[in-house]
Amino acid sequence: MRDNVRGGALTETTFFVMLALYRPNHGYGIMRFIEEKTNGRLVLGAGTLYGAINNLVSKGWIAPCGEEPGSAKKLYTITETGRKVAERELERLMELCDIAQEIIERSGD
Amino acid sequence: MKMRVFRYFGGFLEAQEKWLNKMAEQGYRLARTTSLMYEFDLCAPSQYEYQIEFIADKDQSYVRDYRSFLEEMGYRTFTKNINLNFSIGKLRWRPWAKGTAQIATNPGSYNQELLIVERERDGKLTSLHTGQDAEAVAVYIKKLRNTNFNYGLILALGCLLSIFMSDSKAAAILLGALSVFFFIQAVFFALALRHANNKKDKAENMENV
């Protein structure tokens, strides 16, 4: 996977993986989460997801948090740093939306 | 019921992937691989699909972790070689070395250059990655072509020497046969390299658009 951050913005994949981890989740769960939330528009390949998870772990934005009881699947959760990054991204996107809305709606008049 | 098929694809990764998928369409599911053989179990036609990933440039611990991640997702994985060599597991025979040095151990993911990933066909055609690293594949195959060519050359020289220097016909024949084996491999990899380079160029053009 290439850069998570380009010009301060997160890629869609990165942001979605982080959002999926506001509650502890495993790889398959993350994949399903993204598929459901986007109604199947964004379906990650397993290799891509693996790369994204490792990348975020090494950045310290998410962290492993044990195994799912019964299945021994590795669980991950978002860290404090990760939450801050996600909040900043939300602000950035809201700002972008405001600007876009203003311009696009005005052009319609 | 098991079925065994002997087949060697070398550096032609896509051909191998296509073939495995064709077998799956006909109701054969991969059970085991060795360097030249594929063993299949029977399954329902088109129940599974296969993808091949190039992992020779990754280290052993990455591969182990990645495989367990994929198996957690419900996939099955097999490793496969690209190169053909005289090795059993991690042991390798080096015919040109002296005494016990003829037996060497292999580093890293030797003989496990490819990962075959099996998953249930669910109609969603997502690839493992958005794009294979075509360049890494090309670089690797080029290295194999050169190594095999060099082995072939050394053994051919050895063959000539043994013809002129000694009376042992057996040695000359053995060295000659080995030399031919490596030369054939070298040609095979040269062809695969051309294929890989074409693919790499195509991928680069796509990126530039």
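**Ground rules.** I am reading a predicted model, where local features need pLDDT of at least 70, side-chain atom pairs count only at pLDDT 80 or more, and totals for chains, interfaces and linings use all residues. Residues are numbered from 1 along each chain as its sequence is written, while chains are lettered from A and ligands numbered from 1 in the order in which they are written.

**Confidence.** I checked the scores next. The predictor gives the complex an ipTM of 0.80 and a pTM of 0.76.

**Chain B overall.** I found four helices and nine strands in chain B. Helices (H or I, at least four residues) and strands (E, at least two) are DSSP runs, numbered from the N terminus. Along the sequence the pattern is β-α-β-β-β-α-β-β-β-β-β-α-α. Chain B has 209 residues, of which 26% count as buried. Buried means 20 or more other C-beta atoms within 10 Å of the residue's own; exposed means 12 or fewer, and partly exposed lies in between, with C-beta atoms placed from the backbone.

**Domains.** I see chain B divided into domain 1 (2–130) and domain 2 (135–208). These bounds come from an automatic or database domain assignment. The contact between them takes 12 residues from domain 1 and 14 residues from domain 2 of chain B. Contact here means C-beta atoms, placed from the backbone, within 7 Å. On the domain 1 side I find eight nonpolar, three polar and one charged residues. Ala, Val, Leu, Ile, Met, Phe, Trp, Tyr, Cys and Pro count as nonpolar, Asp, Glu, Lys and Arg as charged, and the others, Gly among them, as polar.

**The three-stranded sheet.** Strands 2 and 3 of chain B are joined by five bridges and run antiparallel. They belong to an open sheet with the order 1-3-2. Strands pair if DSSP finds at least two bridges between them.

**Strand 9.** I then followed strand 9 (residues 114–120) of chain B, which seven bridges join to strand 4 in antiparallel fashion. Gln51(B) has Val117(B) as its bridge partner there. Five bridges also join strand 9 to strand 5 (residues 76–80) of chain B, again antiparallel. Thr79(B) stands opposite Leu115(B).

**Chain A against chain B.** I count 11 residues of chain A in contact with 14 residues of chain B. Helix 2 and helix 3 of chain A each give two or more residues to the chain A side. Helix 3 gives the most, with four residues.

**Positive phi.** Most residues other than glycine have a negative phi. Asn39(A) has a positive phi of about 50°. Asn39(A) is in the loop between helix 2 (27–37) and helix 3 (46–59) of chain A. It counts as exposed, because it has 7 C-beta neighbours inside 10 Å. Ser46(B) also has a positive phi, near 60°. Ser46(B) is in the loop between strand 3 (37–42) and strand 4 (48–54) of chain B.

How values were computed:
Two residues are in contact if their C-beta atoms, placed from the backbone, lie within 7 Å.
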